[in-house]
Each structure stands twice: as structure tokens, then as C-alpha cells.
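Dear colleague,

I am handing over the structure below, and my notes on what was found in it follow directly after.

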Amino acid sequence: MNLRIRLSERFENWVVSRHVPQPPPVSIRRGRCYILPTRAGYMFALMLLAMLLGAMNYNNNLAFALTFLLAATSLVAMHHPHANLLGLTVHVGHIPAVFAGEPVWVPLQYTNAGSADRFSLLAGLKRSRLSLDLAVDCASGETAQSRFELPARERGVYRLPRFAVATEFPLGLFQSWSWLSLTSEYLVYPRPATGQRPIPPVASQHGTRSGQQEGRDDFSHLRDYRPGDALRSIHWKSFPHSGRLAVKTFAEPMDEALWLDWHQLTDLHDPEARLSQLCRWILDCEAGQKPYGLRLPGVEIAPARGHAHRTDCLERLARLKVGS
Amino acid sequence: MSTAVMTDHLPAANVQRILTVLMLISAPHFARLPLWASLLVIGICAWRWQAAQRTWAMPPRLLRSVLAIAGFAGVYAQFGTLNGHYAGVALLVLMLAMKLTEMTRRRDYLLVIYLSYFLLITHFLFSQEMLMLPVLFLGALAITMVLIDVNHPHSLLPARQTLRLSARLLLQALPLMLVFFVLFPRIPGPLWGFPSDAGAGVTGLSDSMEPGAISSLSQSDAVAFRVRFSGPAPPRRDLYWRGPVFEYFNGRAWLPGAWAEVPRPVTVSQQGPAIDYEIQMEPHGHKWVLPLDLPIGPWPADVAMGPDLVVRQRRNIIEKQLFQLRSILDYQADVKLPLSVRQRNLLLPALANPRTRALAQSWRDQLGDDRRIIQAALSLFRNEAFSYTLRPPRLLDDQPIDQFLFSTRAGFCEHYASSFAYLMRAADIPARVVTGYQGAEANGDYHIVRQFDAHAWTEVWLPGEGWVRVDPTAAVATERIELGLGGALPSGESLPALARMNRDALINLRLRWDQVNALWNRWVLAYGPELQQRFLGAIGLPGLRALLLSLTFGTVLLLLIIGIMVNRGHRALAQRDPILKEWQRFVRKLNKAGLQALPQEGPRDLSRRVSADRPEWASAVEPIARLYIRLRYASQKPDPQLFARLRQRVRRFPKLPNESPTSHPAAR
């Protein structure tokens, strides 16, 4: 048993050493395509052995014939999952970010440039625990969508771990698989805090203003376009010179904006708890359609609202390095 | 897992396919199963069919256990054993059906499918006729289909597609199977012995002879064995196929003597030429081989001749087997008979059949000489009103020989052999009864011996001559020996069609079919350790080492070839499509130059982007994209000239084709 573990560790290390992360899409090449019998395959071999012993005992040539036919079929069937996988192109799309504690679903796109259809393609982290329920087919010359689940993680930015694309089709006796190490990343936002801490009030010297009035009076500076910015706020005049879209921002009196501020959450000593609280507020503000700004150590995002702004803020929370 | 609320992991149609295949595979067994078992199996399948359709829950575990125990008990009650072909198959079919009531998970389906393969193999315990070959392939095809289905659970593949996949797998496996069949080392079986009922239900000689034993065989035209002589066949009257010999008479039945098989030296001296021949034995469930009287060595493996001159194999013959044998027609055997054996062959039950004893004693007194006594007995049969019939009057138990010799005088060969041996023993001549077959029918280049050729004769021991065959039936009905059963029996007695003298076209057809079967038996069914060695010797691969080497080499070679074939099917489209190939070459060149083609980008988009990024390449890129689009999408049949231009431009890229016109002529 110990030897087995050691051997499998060595094998894993060898595999890892062969796989430098690549940007998607990748094509499964011959040297990266492994094959081993499945549990069902071993069961089948056991059954064949029983059949063979029976045939020998009775010296029964038709029993020999069937045993040999099945043995030959299972050997031939070794080629099929291999061919089923070889040359398949795997593309990982944008992995949707999740909140900490939620499972991550990795979207996959298979492209079959081969001349034969491919069946029952599986993907997952552990090749021994691939669910046939999520298998997809990919016809010749077409693409197919699939996905697989990653276990929930804590807040942060993660490199997509090495995963397996595999198939056991047609007989399930052998599994052919390839390890894919891709450069794709995914974000895990902080877990939204559950406490009833109220959103900090809009600090204003002139009384409370409704947040819907974004400061559009005093032009301040240009910043890069971000998806979700209103078309009319784009500064078209600067486009021909710079070649990039810029957005006009307007100075807004600091005291009139709703700021979600890391530094004000002094009573929460755990940085992750602060981030959770900020996350909760961002979600609440979005739900209440209030504009908000975000201040983190070294980061400041001007108040706004909308999907892009929310994503931007949450991403900053996810990427924040604390404790340094 | 003990809860009863489990529903299927597979779509209903998938489960129903498994059930259909299961019914097909078990259907031939229904004739062998007790009726209740067949009905139970059909019932469970029908219920499971509905359960799949209506997503019923599986029955609770208690009910399943009760059902399983009841099944075991039922089989045991029916057969009195769980060990045996019939009981085993009944058990297998029942357990398979019960497994259906808890079949919800993938591994349950797999188990059911694997057991179906097992069920398929059990058919061959009962029959290995040539017609079972399609059963083998169609069965394997159907089961493999559902195995493919189980590995494609998320959506049901069309039946035609799984059929095609399954057929392709089996076809690819076929050459490999042949290699295994021929080269896999065969060892003489059995490994652990046979169940008690192995070979049951076959007709043939039995290990005792009582009145009616052989006449019952005469109703069967089943093949007992087939013979192929290396030289010309001996005449029909010499074709005595020697089977079990009986030395002990209990007053009614002849039985093998208790000491018959105890080894003792037996001398056989040869006179006349040897006859070589091959026997394709049909299974009869006993040990004896039926050689031409009298066989001499060399014996096949596991075969030996006993002191009673009966040739036996170490194990029962329950499968078709092939024997290479040698016999002589003229022989002297056992000339120095030990006293104990002599006495054994003179033994008669005391007191019974006084008239017969008196007759024999009078012959001994008047004639004295053994030969003349034998002649007297034969002329009794020949000259008195003895008749040869399949329907003799019933003999009473207490004085059967007296009754036959002096009153009924009608009987079949066993009556004549039995009473003749009795007469001889009563006259102090050692005698015994031999059963076997007499005659054979030529069919093509071989002879068929059928069950209705079964016969009984006697052997008497004469000083200086050893055992001498005497066939009293020949005295009564010479035609039996010269022409066979059909010629000897009075018309009106019921006979199998093939035994009759007048033949019709249908019978000729049956004989043709038998020729095909004989080939099947000879080359496929009889292939075993011996034939394998002969075959390998003939092709120059003697010995286990050469066998294993050629097996390994053949397997690896075939797997390689099949691997190449399978991968060809999956070869990239580009390799079959020269236009796409050129385009991909172009894209690779761009890649090397640091311009990644994006997956969503068509040729037009790509060329635009490249031209924007590298204006100096614009004049090279745009024609390539244009040519590619025209070739690919404009017409069904691409213009070869356009293709040549595309090819030239791609190969020269990023240079333009006319930049160095000297290096490549325009003919390209």
C-alpha cells in the first residue's frame, strides 16, 4: 500500500513536471494522454478470468471463443477512449467569480476538429471521481459546452488548478485522460457578513443628499473607460489622440458621497471580517440602488453604482492583500 | 442505501433496453428451467419495465431478501442440489432477475450486464452446434450495445448508433479473438471436475445391458460419432465399434465386472495391416471411446486400454472430442487368460434357466469341442424360428433366458447376445457381452455412426486363440450386419428416417448438412491441446515458448494495427482536407510571428487584424484569406488552380509569390 502511494506520488510529480501552465485553448496531444483501466475494467477482467477457467474446465471451445472475443474487445476498447480524447481542443472561458464558501463552476468549451464524433467527455479535479452525469458529446467539427465544479475556497485570487479531461467511452473499461494546467484565474469574493451592521450614513456638511445625484457639475479628470460606464460620460474628444476610451469624472464633494471605508471599521480586528462587512455593504447598496465608493488600503474607487462598479469593488476586495 | 425510495440513474428507455437484451439472452434457457422460475423471471422483468417507465421505487430490502431466499430454496427443492448445470443456470437466471429489483446505480447496471455475458456463456454448456455461433456473436453484440448505453447515461444514443459502435468493436476484436483461439495455450482439462449432471440428457450406450437397452437407441438417428479413415474403409461387416464390455450377469442385466478395470497385463498380437482413423466423438457422458475392434496403440493423451480391451479416457466425454486411433481387424488377444478372469467369465446365477443349462450341458457332453458347441448354438438361432424385431414380447423376470430360447424366440441384438453368452458359460466356455456400434454410413470423405447402429455381441475365449468375437445376431439376421438396421427389420417397424432403406431428397440434404457439421466439429470444436500442438508443429512453431512468443507478438501487432485504424477515424479534419491544412499552416506561421489567431475569429477577421497590426504584410495576408474563403465556401468542388495558388502563397508567406520568381516555376 505504501509502495502504491509512493509510486502514485512519483507519477503525479512526473506529470506535474511535464505540465507548464498554458493559456487556453489547448489541444490534447498524444504525449499528454494517459490511459488506465477503471474499476469496472478490473471487474470485467475478473469476470473474463472466471469465464476462462470455466472454458478450460469444460474444455468448451465456444466458451473459449466467447471469452476470447470479450477479451479481444476489451483490449480493442483500450484504443477507443484514447482516440476519443486525442486532438480535442479544450477552452476555458471566463470563470465566474463566487463568494467565499460557494462552489466554483469552471465553464469549458470543447472543440472537435477531428473527423469522428466524440462521446461522454468528462472533466474534473480528480480523475477517479468524474461524474458521468455531466458528460457531454462533441460531434465532429463542432463545439460543446461543459463545466465542472471546484470546491469552495476562501477569499482570494486563484490559479485554476490542474484538472483532468477524461473519457471512458465506449465500454467504461479504460479511462483515458489528460491533465490540463491552464493559466486561467478565478476570483473568490469575501463571504458577505451576516451581521445587522447598518450602512454608514452619507456624510455631508450640507445635510444628507440623495445619492442619485452624482456629482456632474465639476469636471475633475479623465480616467479609463470601464465596462458599464454611461455612454454620455465618455470623453470622445480625447479618443483620436490617445486611441483609448476615457471617461469624464466629476469632482464630487467628498462629504456628500457614501463611502465604504476599510479604515473606519476599526472595531473589526480580523481583516477578513472587515472585508466581509464591506462586501455585505456593497451588496446592500446595490440592492438599494445607492451609489457608493470604496476605500481600501492603497485603493480608492470613486462612488458609482451598477454592475460594473459592483464587480470592480468586489474584485478589489478579492484581490486585497492583507497582513503585510 | 436501505431505503426503498431509489429511482433510476438511467433513462427509462435505457433500462428497457437492458431488460430486452436480458430477456433475449435468457430466453433459450427457459426450456431448461422449471416453469415457476421462468415465470418469475419474466414477471420481474415486466415489473421492472413498468417501474422504469413510471419511476416506481424499488421494493424494500426485506422483500428482496425473502425473494432471493425463496429463489435459492426453490432451486434446491427442484433439483435437489445447487451444484449442476441445470441448477446452476436456474440460480444464475433467478439471481440476475432479482438483481433487477435493486438495479438503480451504475454499478448495479454494470453487474447485470456482466452477468448477462456470463449467462450467454452458459448456453454453450448445453450445445456447441454450429448454430450457436450466431447466438454467440449476436448475444455479445446486444450486450455490448447496452454496455455502451450505460457509459453514455446523460442522453440515450439512438439504437442504430450503439449497434454500429458495438459492431465495430466486435469486428475489430475478431482477428485478435482468432489469434487467442488458436494460440492461447490449451491445457487438458478439467480443472476441478464437472457437476453431476454434466453431459446429462445425451443418448448413447449405458453402463449396463438389460433387455430393451439397445432397442431404445434404435429409435434415435442422432450421431454417435464420425469416422475418417486414412486409407480405404473396411467393409461394413467388419465395422464393430467396441464399447463397454460386460462380464457379470445378475440373472437379468449384464453389468461390468467388479474387477473389469483392475490393471493386468494383456497380450495383443497383431495380424494383418493396421488401420488408421480419426473419431469425432459426440459427447455421451461416459469414459469409453468407441474404437474399431480391436484398437492398438499409440493412444491419445489421457486415453488407455483396460484389461477388458475397452479404451477409456481418464475423464468423461462430455464435449465433442477428436481421437486419433489405430486398429487391427485380425488379432489374438489375451491368449493367456488368468484363472480368476476365466472363472469370472463362467459365472452364472445359480438355479435360474434350467432348460438352457440342460441344453448347454448336453452340447458339452455330446460335442465336447468348444468350436462345435459355438456352431451348435449359432445353428440353433439360424435354424429355429427365431426372429429379429424391435418389439419383442416381454420376458418374465424369473426365467428370462429359458423363456426367450424356448418360447418367445423374438428379440433384438441384446437378447441374442445375452442368451448366447449364457449358453456358452453354461457349456463351460468363458464368454462375455460386448456393446458398441456396428456399421457406418459413408458421407463424403467420412463415415457417420448413429445411435441406431448400436449393437451388442459376444466374445468367447478359446484356448490358443484368446477372445474371439461371435455375433449371434448375424445368425438370425445377416442383413443387420451387411446392410444395417433398415435392411434387417421387417417393414412396419418404426424406424428413424435415416435408418430406412429408401431415402428421399430431404435425407440427402440432412447428410449434406452433416458434412458441414463434421467440418465444424473437426476444426473448431475438437481444437484442443492435441490439435493445437499438431497445428503449431505443422506451421513450424513447436513448443510452449514459441507458442507464447507468437501469441504475444500477434496480440501486440494486431493491437497496433487496430490502434492505427481507430485513430485514423479520429484524425483531424485538416489531415483529410488539404485546404484546411494549408490554412492551418498559415495560422501557425502567424503564431510564430506573435500573432495569435483567436478561436472566435474567422479568416476575414484575422486577415483584417493582421493587416492592421502589420501593414507590411497586408498584401500577402489578404489574398490568402480571400483564396481560402473562396475555396472553402464558394463551391462544392474546389478549383485545383485556386488551390495551387493558395498553397504557393501560404508556403511563401510572408513573402509574396512573385518576389523571387526564379525559385518556383509557375507550374506549381
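In this predicted model, B:Val460 lies in strand β15 of chain B, which covers residues 454–462. B:Val460 has 24 C-beta neighbours inside 10 Å and therefore counts as buried, the cut-off for that being 20 or more. Leaving aside residues up to four places away in sequence, B:Val460 touches B:Ile374, B:Met424, B:Ile429, B:Pro430, B:Ala431, B:Val468 and B:Val470. B:Gln16, by contrast, is 444 residues away from B:Val460 in sequence, and the C-alpha atoms of the two are 68 Å apart in space.

Also in chain B, helix α22 (residues 603–613) packs with helix α23 (residues 618–634) at an angle of about 175°, the axes being 9 Å apart. Because of that angle, α22(B) is roughly antiparallel to α23(B). The residues that meet include B:Leu606 and B:Val610 on the side of α22(B), and B:Val621 and B:Ala625 on the side of α23(B). Sorted by class, this contact has eight nonpolar, two polar and two charged residues.

Turning to where the chains touch, 49 residues from chain A and 54 residues from chain B take part in the contact. On the side of chain A, at least two residues each are supplied by α2 (39–58), α3 (61–76), α4 (79–85) and β6 (118–124), and α3(A) gives the largest share, with 14 residues. That side of chain A, where it touches chain B, has 32 nonpolar, 15 polar and two charged residues.

With best wishes

Terms used
Residues are numbered from 1 along each chain as its sequence is written. Chains are lettered from A and ligands numbered from 1 in the order in which they are written. This is a predicted model: local features need pLDDT of at least 70, side-chain atom pairs count only at pLDDT 80 or more; totals for chains, interfaces and linings use all residues. Two residues are in contact if their C-beta atoms, placed from the backbone, lie within 7 Å. Helices (H or I, at least four residues) and strands (E, at least two) are DSSP runs, numbered from the N terminus. Ala, Val, Leu, Ile, Met, Phe, Trp, Tyr, Cys and Pro count as nonpolar, Asp, Glu, Lys and Arg as charged, and the others, Gly among them, as polar. Axes are lines fitted to C-alpha atoms, for helices over the stretch in contact, and angles run from 0 to 180 degrees between N-to-C directions. Angles under 35 degrees count as roughly parallel, over 145 as roughly antiparallel, 65 to 115 as roughly perpendicular and the rest as oblique. A residue is buried if 20 or more other C-beta atoms lie within 10 Å of its own, exposed if 12 or fewer, and partly exposed in between; C-beta atoms are placed from the backbone.
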